[in-house]
Amino acid sequence: MKRILLGLLFLAVAAGAAAYVFRGEIALALMQRVLERNMATDAVAALPDGLHVGLCGAGAPMPAADRSGPCVVVIAGKRMFVVDAGTGGVRTLARMGLQSGSVERVLLTHFHSDHIDGLGEMMLQRWVGAANESPLPVHGPAGVDAVVNGFNAAYAADKGYRTAHHGEAIAPPAGFGGIAQPFELDAAGNAIVLDEGGLTIEAFKVEHAPVEPAVGYRITYRGRTAVISGDTKKSAAVQQRSAGVDLLVHEALSPKLVGLIGDAAGKSGRKNIAKIMHDILDYHTTPEEAAEVAAGAKVKALLLYHIVPPLPLSALEGPFLGKSREIFKGPLHVGRDGDFVTMPAGTTEVLFSNRL
Ligand SMILES: [Zn+2]
Ligand SMILES: [Zn+2]
């Protein structure tokens, strides 16, 4: 018995040693298999018909390892849209197995830097990812032209490099960059951005002063509806537009945790940081307020995003949420990059997963 055990132990050690010695070769073989599988997979085609909402960026301006800048991917049937283009968003989209070349349109909520600082990369990856032959439509309220034209100008030299290097078939010059699609809000603060083929995308005014205009979006496809708040303080408009929807994706900032950063900054004489931590409290929504909005609107599920501040330990989610789960009793998730919500058409299901 002892001899058998010793023999098995020897074999296990030898196998471990061999795996260690050949770890490079093993990793290469794995990489090859994963690449081939990923390239051959059409993730959107594999989804059930319905409305799907994912977080290509669950964070905000502060650095966070598991939360890129604000970026929400919306898949309605086979059509893919992105709401806001924060830093890292398009890269996270690719990590989620979704092809940047298939992004049909971008919808901007407002022009705070953290919502647009990944737009240049979004436009570039979408262009060369699938040899798109017309620029990426970028919808937004008044002012979106200046943002899009600015990125087009900044990437002008790169446009030349890409076409010169890869050829016009791969990087067709006509598909470079973005094209602004401004919309006007009516007197009540609403606009229809798109209404075709059973898909409706509406914009509505939210409260993010001094940022004007700032909007949220309401998306309906085949009877399933999601609302994305954008950046706002607690807003009656968000609650009203969210009445009975399947999913509310709401921004959230914890004054208590932001206060800790402000206090630490104050103690070490970093006045700018301390002042900014104080100022941001008045134009965002706390997790408990977002829960009140969700409960008031009787939404089916609540996904918090634009998480401020970063939560480097998952144990911080409790302090971040406070009493939110007592206020909103339905499914409530503190968003992370890769979170994905599937709402199949013809059902009432709201299914959460993570694609990372
Ligand atoms: Zn923001
Ligand atoms: Zn903002």
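With 16 C-beta neighbours inside 10 Å, Pro 172 counts as partly exposed, because a residue is buried if 20 or more other C-beta atoms lie within 10 Å of its own, exposed if 12 or fewer, and partly exposed in between, with C-beta atoms placed from the backbone. The model is predicted, so local features need pLDDT of at least 70 and side-chain atom pairs count only at pLDDT 80 or more, while totals for chains, interfaces and linings use all residues. Residues are numbered from 1 along each chain as its sequence is written, and chains are lettered from A and ligands numbered from 1 in the order in which they are written.

Pro 172 lies in the loop between helix H8 (156–166) and strand E6 (178–182); helices (H or I, at least four residues) and strands (E, at least two) are DSSP runs, numbered from the N terminus. Apart from residues up to four places away in sequence, Pro 172 touches Ala 131 and Glu 133, where contact requires C-beta atoms, placed from the backbone, within 7 Å. Gly 269 is 97 residues from Pro 172 along the chain, and their C-alpha atoms are separated by 52 Å.

Thr 232 is in the loop between strand E10 (224–228) and helix H9 (236–241). Thr 232 counts as buried because it has 27 C-beta neighbours inside 10 Å. Leaving aside neighbours within four places in sequence, its contacts include Val 206, Glu 207, His 208 and Ala 214. Ala 214 is 18 residues from Thr 232 in sequence and 7.9 Å away in space, C-alpha to C-alpha.

Helix H1 (residues 2–21) has 20 residues and should span 28 Å at 1.5 Å a residue; its end C-alpha atoms are 28 Å apart, which agrees. The expected span is 1.5 Å times one less than the number of residues.

Helix H10 (residues 255–267) and helix H11 (residues 271–279) pack at an angle of about 155°, with their axes 8 Å apart. H10 is therefore roughly antiparallel to H11, a label given to angles over 145 degrees. The contact involves Val 258, Ile 261, Gly 262, Ala 265 and Gly 266 of H10, and Ile 273, Ala 274, Met 277 and His 278 of H11. These residues divide into six nonpolar, three polar and no charged. Ala, Val, Leu, Ile, Met, Phe, Trp, Tyr, Cys and Pro count as nonpolar, Asp, Glu, Lys and Arg as charged, and the others, Gly among them, as polar.

Definitions and conventions. Contact = placed C-beta atoms within 7 Å. Axes fitted to C-alpha atoms, helices over the stretch in contact; angles between N-to-C directions. Parallel < 35°, antiparallel > 145°, perpendicular 65-115°, else oblique.
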